[in-house]
Amino acid sequence: MLEQGLIKSHFLGKDGFIWWIGQVVDQTKWAGNLSGTPTKTTKEQKGFDFRYKVRIMGYHTASPNDLTDDDLPWASVMLPVTAGTSGGARQTPQLRQGNFVYGFFLDGEDAQQPIIMGVIGYNQYTAVMKNVPDTSFSPFSGYTVKDTVPRSALGTTQEEGEAVSEDVDESKTNNKEVMESPAALVTRKDGGSKEQYKNESKPKKVPTISRCEPAPLVGIQREMKNMLSEVKRIQKTANDWETKVSTKIDNIEKEIAKVKDNATKAIAGDVKRITGEIQKNALKKVNDTLKDSYDKVFPSQLGELKTKVEGVNDELSCLFRNIMKNLTGMVGGFLNQIMDRFITTPLCAVENFIGSLLGKITGLIDSAIDSVMGPIKGLLAGMGVASSAVDDVMGFATDALSLLSCDEDPRCSEVKEWNPINGPEISATLDLFSIVNKAKQAAGLVQNAVEGVANIGSTLSGIAQNADFSDAFTDTCNVGPVFCGPPTVEFIGGGGSGATGNVIVSALTTVLGVDIITAGGDYIGPPRVKFNDSCNKGKGATGRAVVENGQVVQVIIDDTGIDYLPSPDGSQGGDGNVWAESDETTVRRAGGTYDPPYKPGSVIEVSPGDEVTADGKIENVIERKTITALPPVPSTVTGDYPVVLEIEGINILDPGFGYDPDDKVVIGNGAELKIKTDDLGSVTGVDVINGGAGFNEDPDLYIESDTGYNAKIMPIFKPIRLEDLVEAPVGVIQVVDCVGKF
């Protein structure tokens with residue numbers, strides 16, 4: 001039999017099995033090729049699945065100077081049969097830079113199509129270099145200089161490793177501190193992950209005792225917002241592909257009804273709590289008033305008066321039971337009316353609803369009390385007893401709403417909501433006096449609705465079923481959509497007020513800082529900094545306010561977040577949700593209701609009084625016609641102004657350990673920084689030698705060190721407006737003036 005090498009068939013698998021051992025090179029040479037890195041759509045995936053650059057012993061030179069890493073052939077991976085490649089089966093190779101791998105050449109001796117079969121592991125005695133060495137085939141770390149090494153990979157012993165090559169400098173190896181292990185790749189963004197984030201980011205009401213919240217108004221507002229958000233999401237499954245794919249909703253109407261029912265029960269429960277407080281105060285007021293009458297009648301009249309008073313208590317108890325029973329119907333009626341009318345839920349809309357609902361309830365109570373107290377008043381008058389005290393009871397329920405505006409116990413927490421993503425949420429403050437005034441106005445609309453209590457149940461049922469909340473929509477409160485744009489910054493607490501600023505968003509959709517517009521005053525401590533994104537497109541940005549002489553002078557960014565809009569993109573929404581995408585047309589009907597957004601090309605019937613937003617313009621329809629939905633032009637940015645950013649200081653998020661004061665801080669744009677360390681090599685400070693200029697995105701900032709680990713530092717930018725610059729600006733970034741005072 002002839003040796004296979006003598007005759008070449010040039011057919012895969014017939015020219016002999018030629019195997020090899022090699023080393024995966026610096027990940028910057030191949031990481032961009034991998035699929036699985038975050039992209040918005042699969043069309044943006046530019047990788048060819050898992051391929052790596054491998055320097056193979058005996059085939060490639062040891063020195064990258066003779067054969068660069070870029071010129072090495074791509075090596076594919078042979079996966080096990082347990083991995084699969086389709087039908088939902090998938091496994092990812094766990095290869096990192098520096099790994100020693102073995103395999104074979106698919107094209108035999110031509111050696112241009114290497115296939116990786118497996119990986120050769122390290123052990124605790126292998127001296128692993130922290131940085132990529134100049135010469136190959138020496139073990140080096142799978143962690144890059146920018147990676148944070150998990151604490152589970154930090155060694156607990158100080159065993160000396162034995163170098164596997166004579167040219168390895170053991171003083172620069174990292175096997176004393178780190179146990180090398182593979183790390184999973186980041187999976188791409190998908191609809192399911194976005195839906196999970198939306199669900200997790202919904203604030204939840206924190207239960208409180210009645211002493212801290214006699215009227216649970218925050219809970220009512222939160223339930224309204226969550227209901228509208230969920231309804232709009234369900235409606236989007238009818239015409240939005242991504243929402244349809246990432247959710248499982250078989251019947252849209254049924255799901256919407258379920259969401260509304262849950263919100264109705266929750267809001268009705270909160271209103272019952274308020275009504276219970278009114279009931280307690282009303283019954284006490286009635287009985288205290290009538291108790292004084294016992295001393296003013298003849299003994300022979302006590303029995304008749306007592307019987308009448310007991311009847312009043314029974315009738316009032318019946319009244320409140322019926323009110324409680326019909327609250328769910330009244331709340332449900334209101335939610336039905338706002339389902340297609342509200343896109344956002346501003347505070348004024350919540351105040352209108354609560355005021356209208358409580359006004360109707362207290363109006364009914366007052367009307368019923370007048371009915372049951374009338375006979376008592378006549379009886380006392382016949383007995384020669386003045387009835388002025390009884391007159392004071394009538395109309396008491398509406399006045400009892402003053403409990404809403406009682407001062408809260410200072411020992412109570414200001415946190416009323418909890419967000420699983422962002423932690424505690426400090427709710428906006430409702431105008432309690434405005435609510436009480438609106439309630440008193442609404443109460444007059446149902447006065448004298450209850451004549452006697454014999455038919456109180458049917459009377460209240462009729463009122464509940466036909467409750468008209470049009471009075472809640474009569475003012476100029478804007479419940480329509482807003483254009484999605486950059487986040488705004490809010491300063492909460494701290495004892496002062498008046499601080500405002502504009503958020504500086506990079507082209508990479510991260511928050512770089514805050515340009516303080518007004519510093520406010522009377523702050524006794526740093527207020528909480530909250531970044532509000534009206535459409536919840538961005539996430540994760542956090543910061544801390546710096547107060548000097550009672551004023552907010554600076555915001556230090558701890559996390560720049562991601563996905564924030566630098567400027568409006570044409571989409572619309574509010575309350576932390578996107579209602580209409582930038583390519584959709586919206587229609588507001590003459591009656592104040594909104595249609596679900598229309599995709600481009602949809603045919604729409606419109607009538608006089610309708611308002612159509614399309615092609616970047618708002619059209620008021622004056623005649624019935626048919627239109628075709630067009631994609632709107634992105635909203636024009638108004639009030640933006642240019643700034644130049646320079647580094648003013650450094651925020652040390654993690655001091656790390658093992659650093660040398662002479663280690664180099666890597667950063668661009670002409671900036672120069674110098675670190676200071678303690679005896680253990682932790683970073684204690686960073687001196688800004690030169691702040692650089694023209695930063696318009698997050699700088700690639702890290703410390704280049706042979707011995708240090710895990711330090712994380714972030715720049716603190718100082719925004720400089722163009723009129724304050726002497727020389728021509730470099731790297732200008734536009735800031736949207738959300739405050740409107742610049």
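This is a predicted model: local features need pLDDT of at least 70, side-chain atom pairs count only at pLDDT 80 or more; totals for chains, interfaces and linings use all residues.
Aromatic pairs to begin with. The count comes to eight. Take Trp 20 and Phe 105: their ring centres are 6.1 Å apart and the planes stand at 45°, so this pair is tilted. Trp 20 belongs to strand S1 (residues 19-24) and Phe 105 to strand S4 (residues 100-105), so the pair ties together parts 85 residues apart in sequence. Trp 20 has 3% relative accessibility and therefore counts as buried. Phe 105, at 3% relative accessibility, also counts as buried. Together with Tyr 59, Trp 20 and Phe 105 form one aromatic cluster.

Another pair is Trp 579 with Tyr 594. Their rings are edge-to-face, 5.6 Å centre to centre, with 85° between the planes. Trp 579 sits in strand S17 (residues 577-580), and Tyr 594 in the loop between S18 and strand S19 (603-606), 15 residues apart. Both Trp 579 and Tyr 594 are buried.

Now the surface. A nonpolar patch of about 610 Å² is made by Phe 17, Trp 19, Met 78, Tyr 102, Met 117 and Ile 120. Met 117 is in strand S5 (residues 114-120). With 31% relative accessibility, Met 117 counts as partly exposed.

Last, the sheet. Three strands, in the order S18-S20-S21, form an open sheet with antiparallel pairing. Strands S18 (586-588) and S21 (617-620) are at the edges with a single partner strand each, so one side of each has no neighbour in the sheet. From one strand to the next, the twist averages 20°. Strand S20 (residues 611-614) is joined to S21 by four bridges. Glu 611 has Asn 620 in S21 as its bridge partner.

Definitions and conventions:
Residues are numbered from 1 along each chain as its sequence is written. Side-chain values use heavy atoms; hydrogens and water are left out. Two strands pair if DSSP finds at least two bridges between them. Helices (H or I, at least four residues) and strands (E, at least two) are DSSP runs, numbered from the N terminus. Axes are lines fitted to C-alpha atoms, for helices over the stretch in contact, and angles run from 0 to 180 degrees between N-to-C directions. Patches are made of residues with over 30% relative accessible area and no salt bridge: like charges are joined within 9 Å, nonpolar side chains (Val, Leu, Ile, Met, Phe, Trp, Tyr) within 5 Å. Accessible areas come from the Shrake-Rupley method with a 1.4 Å probe; for residues, only the protein chains shown count as cover. A salt bridge is a side-chain nitrogen of Lys or Arg within 4 Å of a carboxyl oxygen of Asp or Glu. Buried means under 20% relative accessible area, exposed over 50%, partly exposed in between (1.4 Å probe, protein chains only). Rings of Phe, Tyr and Trp (its six-membered ring) pair if their centres lie within 6.5 Å; planes under 30 degrees apart count as stacked, over 60 as edge-to-face and the rest as tilted.
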